[in-house]
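Trainee: I've got a structure open and I'd like to talk it through with you. Can we take it piece by piece?

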Amino acid sequence: MTRRLTLPLPDDMHLHLRDGAMLSAVAPITAAQFGRAIIMPNLVPPVVTGAQAAAYRERILAALPEGSRFEPLMTLYLTEETDPDDLARAASDGIIRAVKLYPAGATTNSASGVRDFDRVRPVLERMAEIGLPLCVHGEVTDPAVDIFDREAVFIESVLDPIRRATPGLRVIMEHVTTKDGVDYIASAPEGLAGTLTTHHLIINRNHLLVGGIRPHYYCLPVAKRESHRLALRAAAVSGDPRYFLGTDSAPHLDAAKESACGCAGCFTALNTLSCLAHVFEEEDALDRLADFVGGFGADYYRLPRPEATITLEKGDAPLELPAKIETGEGAVTVFDPGYPLYWRVA
Ligand SMILES: NC(=O)N[C@@H](CC(=O)O)C(=O)O
Ligand SMILES: [Zn+2]
Ligand SMILES: [Zn+2]
């Protein structure tokens, strides 16, 4: 028996498309299933000015298949040198939709990020004034803090003080991985939201470390223990508009991941909707999937909700999806949920 589920054409509110050959390989995959995505600016070198964001947007559009209506929603990478006027202009010209905060050293290509949070105070104040959201990679980088505690410590020692010092600043905690993050969002009066990735709803740290080290499950923030994964799933299916999808699909070449020092990032764009339908069905919450993928994120970003739709179908036979995609520069492994998937994009 085939079951069908019609959804608004999804928005991915946290996506890495990279540049060059990788961009050409991955942009069409997202564009085939999503209407819009918030595009991360952590290129090498990073996207730090409005002009660079506009140029990157053109490169993305050029990588899309003919006739695609996919809309990349651009962001700027916040540095201690970011010019508040350039940023405000890029926002009012509609070039950028958000600004991304990477604590320096926290994750892939974050070396140009922020070390001294006082130095970005004027930028944050301007953002609060104009209502431009700040997307946050929420982990401290203090080597004394255990990697599994870095999100919780960030909330207490960095994020909460920033929010208190900057009333009205709209903040999205990207890729929430802990119950601490879920609870902090739930406790905040307004302006705070969180994205949840597909993979953090599926894997815990055992997937990464039991029976051998699995580099394709390594991402940042690193997957936590099972109780945290369960808290993320509960948030995803809660119907609370403060939690919405940001896949954080983050492709790296296999050669860079299967290495003595492998990079962080899971490539989930190819099977994300199949995985999410599986998760929401397991949680008996398929009726909540529409808002999670194509409603709450748009509302938070003050965008119109999607008009187009997409249909998912559940068949009796497991999907045969490729385990890898080819780019002009090498293969990229597709996220493996560890079980067969039955939902496909019709
Ligand atoms: N999530 C990851 O593990 N990696 C991301 C960076 C990020 O989102 O932190 C990447 O750009 O590869
Ligand atoms: Zn991140
Ligand atoms: Zn990311």
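Trainee: What covers the buried residues of α6?

Mentor: Keep in mind that we're looking at a predicted model. The buried residues of α6 are Asp180, Gly181, Val182, Tyr184 and Ile185. What lies over them includes α5, β7 (171–173), β8 (192–196) and α8 (226–236).

Trainee: Let's stay with α5, then. Are α5 and α6 roughly parallel or roughly antiparallel?

Mentor: Two packed helices are described by the angle between their axes and the distance between the axes. Here α5 (residues 150–165) and α6 (residues 179–187) pack at about 30°, with axes 8 Å apart. Angles under 35 degrees count as roughly parallel. So for α5 and α6 the word is roughly parallel.

Trainee: How do the residues of the contact of α5 with α6 divide into nonpolar, polar and charged?

Mentor: From α5 you have Glu151, Ala152 and Ile155, and they meet Asp180, Gly181 and Tyr184 in α6. Gly counts as polar in this scheme, and Tyr as nonpolar. Sort the contact residues that way and you get 3 nonpolar, 1 polar and 2 charged.

Trainee: On to the annotations. Which residue has the feature "active site" in UniProt, and is that residue buried or exposed?

Mentor: The UniProt record, an unreviewed entry, puts "active site" at Asp248. You'll find Asp248 in the loop between β9 (243–245) and α9 (254–257). A residue is buried if 20 or more other C-beta atoms lie within 10 Å of its own. Asp248 has 26 such neighbours, so Asp248 is buried.

Trainee: Why do the residues of the UniProt annotation "binding site" count as gathering at one spot?

Mentor: That annotation, from an unreviewed entry, covers His14, His16, Lys100 and Asp248. They span 235 residues in sequence, yet they gather at one spot because no two of their C-alpha atoms are more than 13.2 Å apart.

Trainee: Let's pick His16 from that set. Where is His16, and is His16 buried or exposed?

Mentor: The loop between β2 (11–15) and α1 (20–31) holds His16. Beyond four places in sequence, its contacts are Met40, Ser249, Ala250, Pro251 and Gly265. With 25 C-beta neighbours inside 10 Å, His16 is buried.

Trainee: Now for the backbone. Which peptide bond has omega near -10°?

Mentor: Most residues other than glycine have a negative phi, and most peptide bonds are trans. The bond from Val44 to Pro45 is cis, with omega near -5°, and Pro45 lies in the loop between β3 (36–39) and α2. Pro221 is in the loop between α7 (205–209) and α8. The cis bond with omega near -10° runs from Leu220 to Pro221.

Trainee: What about phi? Is His175, with its positive phi, buried or exposed?

Mentor: His175 has a phi of about 35° although it isn't a glycine. Its place is the loop between β7 and α6. Count 28 other C-beta atoms within 10 Å, and His175 comes out as buried.

Trainee: Is Arg302 buried or exposed?

Mentor: Arg302 also has a positive phi, near 60°. Arg302 lies in the loop between α12 (296–300) and β10 (309–314). Arg302 has 10, so Arg302 is exposed.

Notes. Residues numbered from 1 in each chain as written. Chains lettered and ligands numbered in written order. Predicted model: local features only at pLDDT ≥ 70, side-chain atom pairs only at ≥ 80, totals over all residues. UniProt positions renumbered as here; feature names shortened; annotations may be inferred. Helix = DSSP H or I, 4+ residues; strand = E, 2+ residues; numbered from the N terminus. Buried ≥ 20, exposed ≤ 12 C-beta atoms within 10 Å, placed from the backbone. Axes fitted to C-alpha atoms, helices over the stretch in contact; angles between N-to-C directions. Parallel < 35°, antiparallel > 145°, perpendicular 65-115°, else oblique. Contact = placed C-beta atoms within 7 Å.
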